[in-house]
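The following paragraphs guide the reader through selected parts of the structure shown here. Please keep the sequence and the model in view while reading.

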Amino acid sequence: MTGERRGGAQPTRHVVVMGVSGSGKTTVARGISAATGLAFAEADEFHSPENVARMRSGVPLDDATRWPWLRDIATWVADRGAEGRSTVLACSALKRSYRDVLRQGPLRVDFVHLDGPAEVIRARMARRQGHYMPASLLESQLATLEPAEPDESVLVLDVTLAPEVLVAAAVTGLGLPASVPVGER
């Protein structure tokens with residue numbers, strides 16, 4: 001039974017805020033965490049130093065470099081689920097196969113896809129300070145992105161909306177219990 005814990009305890013919920021770099025995943029995932037109390041993680045922090053160096057130098061990751069990273073993230077989610085903790089994660093999850101890795105196991109995993117015009121995302125990336133992902137890699141991410149299929153639990157939200165609107169739409173759209181009223185954070 002997806003998402004349920006032994007002993008009849010409340011099932012855990014796991015949310016992945018997905019999209020290309022610069023779409024606002026971290027901002028929205030942090031907002032969901034603040035509104036709901038779900039444990040937050042940033043998938044970028046799971047990258048190996050080699051992956052970070054590769055991206056910093058403008059070389060996109062390929063499947064071979066992504067699989068260990070995705071498995072580490074899936075393990076983190078599963079471990080939190082085993083502890084009875086629900087999570088929200090900022091992770092690109094660009095391909096169906098990547099999302100499938102994150103969905104492995106008995107946990108319920110829902111996705112929030114922040115989608116929108118490439119020019120809006122490119123402009124955001126150009127303004128970012130201190131991130132290793134250069135705007136030059138946006139095209140490779142857009143080429144890799146596979147839209148959700150009908151059998152996937154994915155809520156698609158417009159990246160041009162304000163972060164607080166996106167957070168509220170995600171919390172409401174996924175039926176997450178808000179520990180703090182979304183408008184009062």
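A residue is called buried when its relative accessible area is under 20%, exposed when that area is over 50%, and partly exposed in between, using a 1.4 Å probe and protein chains only. The model is predicted, so local features need pLDDT of at least 70 and side-chain atom pairs count only at pLDDT 80 or more, whereas totals for chains, interfaces and linings use all residues. Residues are numbered from 1 along each chain as its sequence is written, and side-chain values use heavy atoms, with hydrogens and water left out.

Arg13 is found in the segment before strand 1 (14-18); strands (E, at least two residues) and helices (H or I, at least four) are DSSP runs numbered from the N terminus. With a relative accessible area of 14%, Arg13 is buried. Neighbours within four places in sequence aside, Arg13 is in contact with Leu38, Ser86, Thr87, Arg108, Asp110, Leu174, Gly175 and Leu176, where contact means heavy atoms within 4.5 Å. A polar atom of the Arg13 side chain lies 3.0 Å from the backbone oxygen of Leu174.

Not counting residues up to four places away in sequence, Arg96 touches Arg103, Glu146, Glu149, Asp151 and Glu152.

Which residues in helix 4 are buried? They are Arg96, Tyr98, Arg99, Val101 and Leu102. Their cover includes strand 1, helix 3, strand 4 (109-115) and helix 6 (138-144).

The axes of helix 3 (residues 63-82) and helix 4 come within 8 Å and cross at roughly 25°. Helix 3 is therefore roughly parallel to helix 4, as angles under 35 degrees count as roughly parallel, over 145 as roughly antiparallel, 65 to 115 as roughly perpendicular and the rest as oblique. Axes here are lines fitted to C-alpha atoms, for helices over the stretch in contact, with angles from 0 to 180 degrees between N-to-C directions. On the helix 3 side, Asp63, Arg66, Trp67, Leu70, Arg71, Ile73 and Ala74 meet Ser97, Tyr98, Val101 and Leu102 in helix 4.

Definitions and conventions
A polar contact is a pair of N or O atoms within 3.5 Å; within protein, one must be able to donate a hydrogen and the other to accept it, and residues adjacent in sequence count only if both atoms are side-chain atoms.
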